[in-house]
Amino acid sequence: MEKNQDCMYCMEDERRDHLMIEIGNLDVSTVFLFKEQTYRGRCNVVYKGHVKELFHLNEQESASFIHDVNRVAEALDKIFEPNKINYGAYGDTLHHLHMHIVPKYEGKENWGSTFEMNLGKTYLTDNEYNEMIEKIKTQLQID
Ligand SMILES: [Zn+2]
């Protein structure tokens with residue numbers, strides 16, 4: 001698979017690791033925990049290849065990607081019991097298909113509106129991240 005030298009997801013570099021922690025591999029993607037945890041349980045599902053649009057995938061690939069997204073959303077729903085899960089695919093300046101999976105809670109930050117990409121205000125301890133990651137891995141049945 002072609003790698004883009006300017007892409008933090010392809011290069012798996014510190015720009016990516018500054019924002020998120022790898023949880024594990026799914027069928028056609030990798031799931032990450034966002035370090036900024038205002039929206040408790042927030043994750044990011046990143047497609048395995050440098051692909052700009054969902055419609056650039058063939059039917060099988062896009063079905064597999066959506067399947068991965070669904071697995072993560074369902075796992076987060078079970079663990080964190082949000083009132084709704086939001087999904088976000090933007091990437092104006094980063095053309096590598098990924099979906100933000102953002103649990104939203106009634107009465108909390110941006111309920112009834114769009115989640116913010118990076119509020120920069122809620123960070124956890126390493127232990128708290130690890131606990132969260134273990135719960136998600138268990139729920140996803142991955143190691
Ligand atoms: Zn890429």
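The structure holds zero disulfides. A disulfide here is a pair of cysteine sulfur atoms within 2.5 Å. Take Cys43, which is in no disulfide. The nearest cysteine sulfur belongs to Cys7, and it is 19 Å away. Cys43 counts as buried, at 0% relative accessibility. Buried means under 20% relative accessible area, exposed means over 50%, and partly exposed lies in between (1.4 Å probe, protein chains only).

A word on the model itself. It is predicted, so local features need pLDDT of at least 70 and side-chain atom pairs count only at pLDDT 80 or more, while totals for chains, interfaces and linings use all residues. Residues are numbered from 1 along each chain as its sequence is written, and side-chain values use heavy atoms, with hydrogens and water left out.

Which residues coordinate the zinc ion? Two are cysteines, Cys7 and Cys10, each through SG. Donors are N, O and S atoms within 2.8 Å of the metal (3.2 Å for Na, K and Ca); water is not among the atoms, so sites may look incomplete. The site of the zinc ion is tetrahedral, with angles of 104 to 119° among its four donor atoms. Four donors count as tetrahedral if all angles lie between 85 and 135 degrees.

Now look at the spacing of the donor residues in sequence: C-x2-C-x39-H-x45-H. Helices (H or I, at least four residues) and strands (E, at least two) are DSSP runs, numbered from the N terminus. His50 is partly exposed, at 25%.

Next come the rings. The structure holds three aromatic pairs. Rings of Phe, Tyr and Trp (its six-membered ring) pair if their centres lie within 6.5 Å; planes under 30 degrees apart count as stacked, over 60 as edge-to-face and the rest as tilted. Tyr39 and Phe115 have ring centres 6.3 Å apart and planes at 75°, so this pair is edge-to-face. Tyr39 sits in the loop between β2 (29–34) and β3 (43–47), and Phe115 in the loop between β5 (98–104) and α4 (126–140), so the pair ties together parts 76 residues apart in sequence. Both Tyr39 and Phe115 are buried. Tyr39, Tyr90 and Phe115 form one aromatic cluster.

Tyr47 and Phe65 also pair edge-to-face, with 5.8 Å from centre to centre and 85° between the planes. Tyr47 is in strand β3 and Phe65 in helix α3 (residues 59–80), so the pair ties together parts 18 residues apart. Tyr47 and Phe65 are both buried.

Charges meet rings as well. Arg42 lies over the face of Phe34, at 3.8 Å from the ring centre. The charged end of Lys108 sits over the ring of Tyr105, 5.9 Å from its centre. A charge sits over a ring if NZ of Lys or CZ of Arg is within 6 Å of the ring centre and within 35 degrees of the ring normal.

Charges also meet charges. How many salt bridges does the structure hold? There are four. A salt bridge is a side-chain nitrogen of Lys or Arg within 4 Å of a carboxyl oxygen of Asp or Glu. One of them joins Asp13 to Arg15, with the closest N and O atoms 2.6 Å apart. Asp13 counts as buried, at 14%, whereas Arg15 is partly exposed, at 38%. Another joins Lys78 and Glu74, at 3.7 Å from N to O. Lys78 and Glu74 both lie in helix α3, four residues apart, about one turn of the helix. Lys121 and Glu109 also form a salt bridge, at 3.0 Å from N to O. Lys121 and Glu109 both belong to the loop between β5 and α4, twelve residues apart.

Last, the backbone. Most residues other than glycine have a negative phi. Glu12 has a positive phi, near 50°. Glu12 lies in the loop between α1 (8–11) and α2 (14–19). Gln141 has a positive phi too, near 55°. Gln141 lies in the segment after α4 and counts as exposed, at 71% relative accessibility.

Key: Tetrahedral: all angles 85-135°; square planar, octahedral: opposite > 155°, others 65-115°.
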